[in-house]
Amino acid sequence: MGMTDVLIVGAGPTGLVLACDLARRGVAVRIVDRSPAPPRTSRAKGPNPRSLEILDDLGVAEEVLAAGSAPLPMLKYRDRRPLAEADPWADSAPSPDARYDRGWLIAQWRLEGILRDRLAGYGVRVEPGREVVGLAQGRDGGDGGHVDVTYADGQTGRARYVVGCDGAHSSVRKLLGIPFEGTTAEDQVMVCGDVDLADGVLDRTRWHQWFDEDGAVMLCPIPGTRTGWWFQAGPERDGRGRPLAPTADGFRRLLAHHTALPGRDLTRADLLSTYRVNVRMADRFRAGRVLLAGDAAHVHAIAGGLGMNTGIQDAFNLGWKLGLVLAGHADAELLDTYEEERLPVAARTLDLTSERLRATLEAIRRPGGGLDTAITPDTTGLGVGYRWSSLAAGDRAQQPERPGPRAGDRAPDAPCADAATGVRTRLHRVFAGPRTTVLGFGPGSAAVLRGTADAYGGGVRVCRVYAAHEDRAGAEPGAVVDDAGHASAAYGTGASGDTGAGTVVVVRPDHHVGVLAPADDARSVREYLRRLHGTGRSAERSPVMVDAVR
């Protein structure tokens with residue numbers, strides 16, 4: 001088999017998001033998975049708000065929202081009687097800077113199906129039944145290196161880069177010899193599965209949670225099914241107190257013991273699994289031309305639902321960096337910023353989820369306590385940023401008291417209007433697609449935007465943000481009007497009546513602020529763009545942006 005740019009090992013949400021992001025950049029990508037068919041496992045319950053923004057950028061958010069449901073209020077029982085109800089999202093609402101205020105319930109296999117379809121639209125299909133058993137990094141003449149890959153069936157392949165997205169038991173990580181340090185709590189065990197309940201026996205508008213002194217059962221309706229539920233419970237135990245493996249009859253006994261439903265109401269149980277609390281992290285996310293993402297790099301407690309989400313966000317951090325390096329615009333050192341940025345996030349997520357698990361285990365000891373304890377503003381993912389990163393170096397001179405985001409932070413969204421047509425849009429729609437964006441606020445920003453467009457053409461998107469009162473007679477294509485002032489408020493660029501020099505914001509392809517500088521500081525913008533995109537016109541033209549116009 002010939003050389004491919006990137007081989008992705010593992011076709012779960014992390015691998016699929018990375019594959020979609022690379023494919024739309026025109027990168028030659030292959031994605032393999034050891035399973036002979038897409039697994040129908042009972043796993044994550046859906047994307048959090050930050051992951052929804054990423055899925056929106058990839059063009060699949062509407063489909064995900066349609067296939068799933070909003071998170072449900074939690075009805076909590078003790079001794080079989082309903083005791084309390086909690087809706088962790090009752091007080092949240094979308095805001096101008098964040099369109100998604102809550103996560104979304106969708107079966108993981110359904111989300112994976114949507115991403116596979118999106119990927120197929122770029123002509124890339126998952127190659128099933130391909131297990132990687134060997135990796136050897138070599139150097140060759142012109143482009144500096146490659147990885148030789150051996151599969152279990154004896155076939156071989158070659159790629160410029162390999163990314164292991166192959167889960168907690170990652171073959172790629174093991175082949176690299178990267179330690180996966182941490183703990184497994186053998187006593188913190190849960191049995192899980194997908195079950196069918198007799199029609200009408202439980203209200204499908206609630207997530208039901210029975211917490212008793214001697215165990216628990218949780219049942220959450222699976223969106224898009226009529227009688228399907230996610231079943232989670234404390235395990236049955238043998239005479240010595242050791243957890244028993246999950247079985248359909250065991251699930252029926254647990255149901256009868258904790259709830260007012262007879263066991264026979266559980267008509268089917270499959271995808272049975274035992275979940276142990278694992279808190280582990282790889283000590284590095286990159287070894288030469290091989291990188292790790294998602295559960296292959298870090299696993300943590302289930303509380304707060306951050307496992308799949310952290311993986312999706314790993315992929316979105318890595319995709320644009322691989323794209324720019326492979327296109328010859330950025331030096332390979334840019335890939336070092338993946339670990340520099342994501343490893344501390346993973347470490348913090350381990351701490352956060354362990355703390356949420358501890359708080360939840362404490363809460364459920366008290367009648368009325370439940371899983372709502374695990375939901376905090378931290379679990380939305382919207383607050384994750386990289387202020388410490390070398391890619392946030394432009395922030396050093398900023399006054400910390402200045403309102404708005406700082407370099408490294410997530411770039412806020414804001415509703416606005418297209419300057420030419422008046423059609424409603426949002427800043428995240430402007431950022432969507434695989435490019436860096438330079439926003440210009442105030443008349444003084446025009447020169448920097450013009451210089452950027454001259455140097456990089458369509459490879460870097462420029463967008464002038466006009467205040468409502470500004471004359472926009474000669475507005476450039478793609479300019480927007482901040483008619484309600486939300487963009488200027490979100491970025492702290494001064495009141496709409498301010499006629500100062502203006503502000504320029506460089507937004508990375510993953511929606512994080514790279515530089516936020518006064519418009520007369522063209523040098524900071526130029527140096528930053530050079531690091532990511534080379535010197536511009538002299539560099540080769542960007543590969544065709546497959547969906548920049550959607």
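This is a predicted model: local features need pLDDT of at least 70, side-chain atom pairs count only at pLDDT 80 or more; totals for chains, interfaces and linings use all residues.
Two strands count as paired when DSSP finds at least two bridges between them.

**View 1. The whole protein, before we zoom in.** Twelve helices and 22 strands make up the protein. Its radius of gyration is 25 Å, close to the 24 Å that the globule rule gives for 550 residues, so the protein is as compact as a globular protein of that length. The C-alpha trace spans about 75 × 60 × 40 Å along the principal axes. Of the 550 residues, 55% are buried. Take the contacts between residues at least 6 apart in sequence: 69% of them join residues at least 24 apart.

**View 2. Strand E7 and the strands it pairs with.** Here E7 (156-164) pairs with E1 in the parallel sense, over six bridges. Look for Thr4, whose bridge partner in E7 is Ala159. Strand E6 (residues 146-151) runs antiparallel to E7, and four bridges join the two. Thr150 sits opposite Thr156 of E7. E6 and E7 make a hairpin with four residues between them, and Gly154 in the turn has a positive phi of about 90 degrees. Strand E14 (residues 290-292) also pairs with E7, in the parallel sense and over three bridges. In that pairing, Gly164 stands opposite Leu292 of E14.

View 3. H1 covers residues 13-23, and eleven of its eleven residues are buried. Among them are Leu16, Val17, Cys20 and Asp21. What does the covering? The elements over the buried residues of H1 include strands E1 (3-9), E2 (29-32) and E7, together with helices H2 (49-57), H4 (108-120) and H7 (307-326).

View 4. One of the stacked ones is Tyr77 with Trp210, at 4.5 Å centre to centre and 15 degrees between the planes. This pair links distant parts of the chain, as Tyr77 is in strand E3 (residues 74-78) and Trp210 in strand E9 (residues 207-212), 133 residues apart. Are these two residues buried or exposed? Tyr77 has a relative accessible area of 9% and Trp210 has 2%. Buried means under 20%, so Tyr77 is buried, and so is Trp210. Phe231 and Phe251 form another stacked pair, 4.1 Å centre to centre with 20 degrees between the planes. Phe231 lies in strand E11 (residues 228-233) and Phe251 in helix H6 (residues 248-258), so this pair ties together parts that are 20 residues apart in sequence. Phe231 and Phe251 are both buried.

View 5. Val465 has Val480 as its bridge partner in E20.

Technical notes: Residues are numbered from 1 along each chain as its sequence is written. Side-chain values use heavy atoms; hydrogens and water are left out. The radius of gyration is taken over C-alpha atoms; the globule rule is 2.2 Å times the number of residues to the power 0.38. Buried means under 20% relative accessible area, exposed over 50%, partly exposed in between (1.4 Å probe, protein chains only). Contact means heavy atoms within 4.5 Å. Rings of Phe, Tyr and Trp (its six-membered ring) pair if their centres lie within 6.5 Å; planes under 30 degrees apart count as stacked, over 60 as edge-to-face and the rest as tilted.
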